[in-house]
Amino acid sequence: MGFEFGGHLLPGLLPRDLFATSPDYFRMENGVRTPNLNMCPSSGGAVDVMAANAKKYLDIITAYSKPETLHLYSDDLNS
């Protein structure tokens, strides 16, 4: 039996305080950028930040266990 970890973690990998300096990292709602919920999927900068934070997260998890799968889902809601 393998150990799985994760869930709707993607929004937590992009710090909301980056909105002030990098609004392009965040999604648009009705033509306006918003720091709520998910990131902008076409933002390479957002992907880089999230990948670095996911690596840190995985390093912490694997220090205590050996999961076979790490799920990183986005939020299901769009508002």
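At 15% relative accessibility, Asn38 counts as buried, since the cut-off for a buried residue is under 20%. The model in which this value was computed is a predicted one. Asn38 lies in the loop that runs between β3 (32-33) and α1. From there its side chain reaches the backbone nitrogen of Asp75, at 2.7 Å.

## Helix α1

Helix α1 covers residues 44-64, 21 residues in all. At 1.5 Å a residue the helix should span 30 Å, and its end C-alpha atoms are 31 Å apart, which agrees.

The buried residues of α1 are Ala46, Met50, Ala54 and Ile61. These residues sit on the same side of α1, because they cover an arc of only 55° around the axis. They pack against two strands, β1 (4-7) and β4 (69-72). On the face of α1 turned away from the buried side are the exposed residues Asp48, Lys56 and Ala63.

Lys56, a residue of helix α1, has a relative accessible area of 53%. That value makes Lys56 exposed, as the cut-off is over 50%. Between Lys56 and Leu13 there are 43 residues in sequence, counted as their separation, and 9.9 Å in space from C-alpha to C-alpha.

## The nonpolar core

In soluble globular proteins, nonpolar side chains tend to be buried together. The largest nonpolar core of this model has 8 residues: Leu13, Leu14, Tyr25, Phe26, Met39, Ala46, Met50 and Ala54. Ala46, Met50 and Ala54 are also among the buried residues of α1.

Met39 is then in contact with Leu14, Tyr25, Phe26, Arg27, Ala46, Val47 and Met50.

## Leu70 in strand β4

Leu70 is found in strand β4, one of the strands against which the buried residues of α1 pack. Its relative accessible area of 26% makes Leu70 partly exposed. Leaving aside neighbours within four places in sequence, Leu70 is in contact with Phe5, Gly6, Tyr57, Leu58 and Ile61. Of these, Ile61 is one of the buried residues of α1. Leu70 and Leu58 are 12 residues apart in sequence, and their C-alpha atoms are 8.1 Å apart in space.

## Salt bridges

Side chains of opposite charge can pair when their charged atoms come close. The structure holds 2 salt bridges. One joins the side chains of Asp59 and Lys55, at 2.9 Å from N to O. Asp59 and Lys55 are about one helical turn apart, because 4 residues separate them in helix α1. Asp59 is partly exposed, at 39% relative accessible area, and Lys55 is likewise partly exposed, at 49%.

Another salt bridge joins the side chains of Glu29 and Arg27, with an N to O distance of 2.9 Å. Glu29 counts as partly exposed at 29% relative accessibility, whereas Arg27 is buried, with a relative accessible area of 11%. Arg27 is also one of the residues in contact with Met39.

Definitions and conventions: Residues numbered from 1 in each chain as written. Predicted model: local features only at pLDDT ≥ 70, side-chain atom pairs only at ≥ 80, totals over all residues. Heavy atoms only, no water. Expected span 1.5 Å × (residues − 1). Buried < 20%, exposed > 50% of the residue type's maximum accessible area, 1.4 Å probe, protein only. Arc of directions from axis to C-beta. Contact = heavy atoms within 4.5 Å. Salt bridge = Lys/Arg side-chain N within 4 Å of Asp/Glu carboxyl O. Core = buried A, V, L, I, M, F, W, Y, C linked by side-chain atoms within 4.5 Å. Polar contact = N/O pair within 3.5 Å; in protein donor to acceptor, adjacent residues only side chain to side chain.
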